[in-house]
There are 2 protein chains.
Amino acid sequence: MANRAKKSQMERVSVPPLSSVAICGGTHGNELTGLYIVREMQKKKIEKVGSVSITTIVTNPRASEAGRRYIEMDLNRCFTDVLLSSPITESTPYELRRAQELNAQLGPKGSTDAVDLLIDLHNTTANMGLCLIFYTLDWITLHIYKYIQNKMSSVPVRVIQLEVPISDAYALDSVGKRGFAIEVGPQPNGVLRADIFNMVKEAVDLTLEWLQEFNSGHTFEGGTVEAYTLVKSVDYPRDSAGKITAAIHQDLQDNDFKLLRSGDPIFLTFAGETLKYEGEDLYPYFVNECAYYEKKIAFHLAMKKTYSFPSICAKKDGETA
Amino acid sequence: MANRAKKSQMERVSVPPLSSVAICGGTHGNELTGLYIVREMQKKKIEKVGSVSITTIVTNPRASEAGRRYIEMDLNRCFTDVLLSSPITESTPYELRRAQELNAQLGPKGSTDAVDLLIDLHNTTANMGLCLIFYTLDWITLHIYKYIQNKMSSVPVRVIQLEVPISDAYALDSVGKRGFAIEVGPQPNGVLRADIFNMVKEAVDLTLEWLQEFNSGHTFEGGTVEAYTLVKSVDYPRDSAGKITAAIHQDLQDNDFKLLRSGDPIFLTFAGETLKYEGEDLYPYFVNECAYYEKKIAFHLAMKKTYSFPSICAKKDGETA
């Protein structure tokens, strides 16, 4: 990808217009921002904005009704090729059935029928500001990111890349031809904050604005982008029964994306001892995310990579790339 | 009470020593600070500190294991006289059975067998700092509050009084001869923050320290205290289906205990409209508490009252009041 980026740095790339977008919320039923943004768009019957048709979906309605992350299994871990093609039986969890329904509606994943762009709205209890999270580095996605980052001043806007083959990509946004999650925090599960509601609404509106400009023939200039790429995850210290024995240290808490160096405090045990980080300098994120206690993740660690991306414009009718 | 306070302002009151304390956590299973403080005390087998015997209890073990506020009903609404004396049948919710067990162990409420002091540890998603919440204004409780407030500099320490007859008092702390909840936030449900863990631990340690000094004959000087007294609750705007149609306005969010005046913004509707407060000047608290969405409370409003309280010391053997 870095090579491709370098090669095309000075070129202008033309890409077919993007005519269909899905905006999804409630994939985790206790992350309220996306849920209420989608419900409001449905209430206003927003189904087309200029040249773009819009599908809005509450993706996990049962979990959203219950105010829980999920009912039987984490919906946002169900979109791998293997799970999407697994046979449905009486014992298939609700979320896996729902994943296959969503894949039929918005995909099928990897097919030409898939929606052009799939945006899934999430919240985190970590102090991560606004992040776009995606699997495949893609010029369109990077241009949208840059557009949002340049226009939003109320919050830091960052990019996180998960380097996973698309067949193993487990998140809903992997079902679209292109897709990303918008992950915003800190917001407690089950709580809706107006400031974060406004941020996410602004990011969605800016994405739709970018798509209008792109589809209408505007050329967006190339540039560079810094992306955080997952290197590894760190679990809490635990006792033999699996119970955590420490909390995230107060020096690390709320300091997502602040470079962590060997010797920096990372945990405070309940007995009062400070535990320190050992290893290469990396950037922590998803620090003290509520839902990750059960996934045995206290925080992720990333390295920062710089990517160049080319100028881009929409391909005109009959034009070939 | 205010009269009693004035009458005894210049007196020295002597009260029997307090020999038994219960420290409770996990009454709401997703409020993690108290749960982990109690577990750590149990691990260290802390059963007596100087002259005070200590009982530590995870009060709702099933909800704590599940990481939920409650299993069938809110345990901290079960301690009224009516509910505590209701017959147990097959359909009695888990929490009501548990409340009667706890009442047998730590009470019975209103009896001479009850524990001298019951402290119940809670968290809120609201930006409330550290609050002591109790029903009955009591010299001992006010002295402990003043002691904690004078010694803790890391967080604002406040008192909230619920003016409810003790028979109708529904919270666990009403089971002790004296009792209060320590309510600390902001902390998301299901998340443990080291800074808040340290605050609550310090407040518990200071309470035990005060009890030692009191029991050993030290006289604590009288003074005055400002307490917030609940006046009324305000619900979210809702549609005909009961769904909320607005979030707490960003100007009110995180501004617990900042005087709310007529005309101040309180809600931002999802359509973007700002709704304003109308009414007498009052102090908001529990602003955007996660668990209160279902209770139809967006925030509480309080008035501030000043109480005087007398110097106090422990009654010596054989002494009468």
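This is a predicted model: local features need pLDDT of at least 70, side-chain atom pairs count only at pLDDT 80 or more; totals for chains, interfaces and linings use all residues.
View 1. One to look for pairs Arg193(A) with Asp254(B), whose closest N and O atoms lie 2.7 Å apart.

**View 2. The side of chain A that touches chain B.** Three elements of chain A each give two or more residues to this side: α2 (32-43), α7 (194-215) and β10 (246-248). Of these, α7(A) gives the most, with four residues. Sorted by class, this side has 14 nonpolar, eight polar and eight charged residues.

**View 3. The whole contact between the two chains.** Here you can see 30 residues of chain A in contact with 30 residues of chain B. Together the chains bury about 2,700 Å², and 59% of that area is on carbon and sulfur atoms.

**View 4. A visit to Lys151(A).** You will find Lys151(A) in helix α6 of chain A, which covers residues 139-151. Lys151(A) counts as partly exposed because its relative accessible area is 43%, between the 20% and 50% limits. Leaving aside residues up to four places away in sequence, Lys151(A) touches Glu202(A), Leu206(A) and Glu209(A). For a sense of scale, the C-alpha atoms of Lys151(A) and Val200(A) are 13 Å apart, with the two residues 49 apart along the chain.

Conventions
Residues are numbered from 1 along each chain as its sequence is written. Chains are lettered from A and ligands numbered from 1 in the order in which they are written. Side-chain values use heavy atoms; hydrogens and water are left out. Contact means heavy atoms within 4.5 Å. Buried area is the accessible area (1.4 Å probe) that two parts lose on being put together, summed over both. A salt bridge is a side-chain nitrogen of Lys or Arg within 4 Å of a carboxyl oxygen of Asp or Glu. Ala, Val, Leu, Ile, Met, Phe, Trp, Tyr, Cys and Pro count as nonpolar, Asp, Glu, Lys and Arg as charged, and the others, Gly among them, as polar. Buried means under 20% relative accessible area, exposed over 50%, partly exposed in between (1.4 Å probe, protein chains only).
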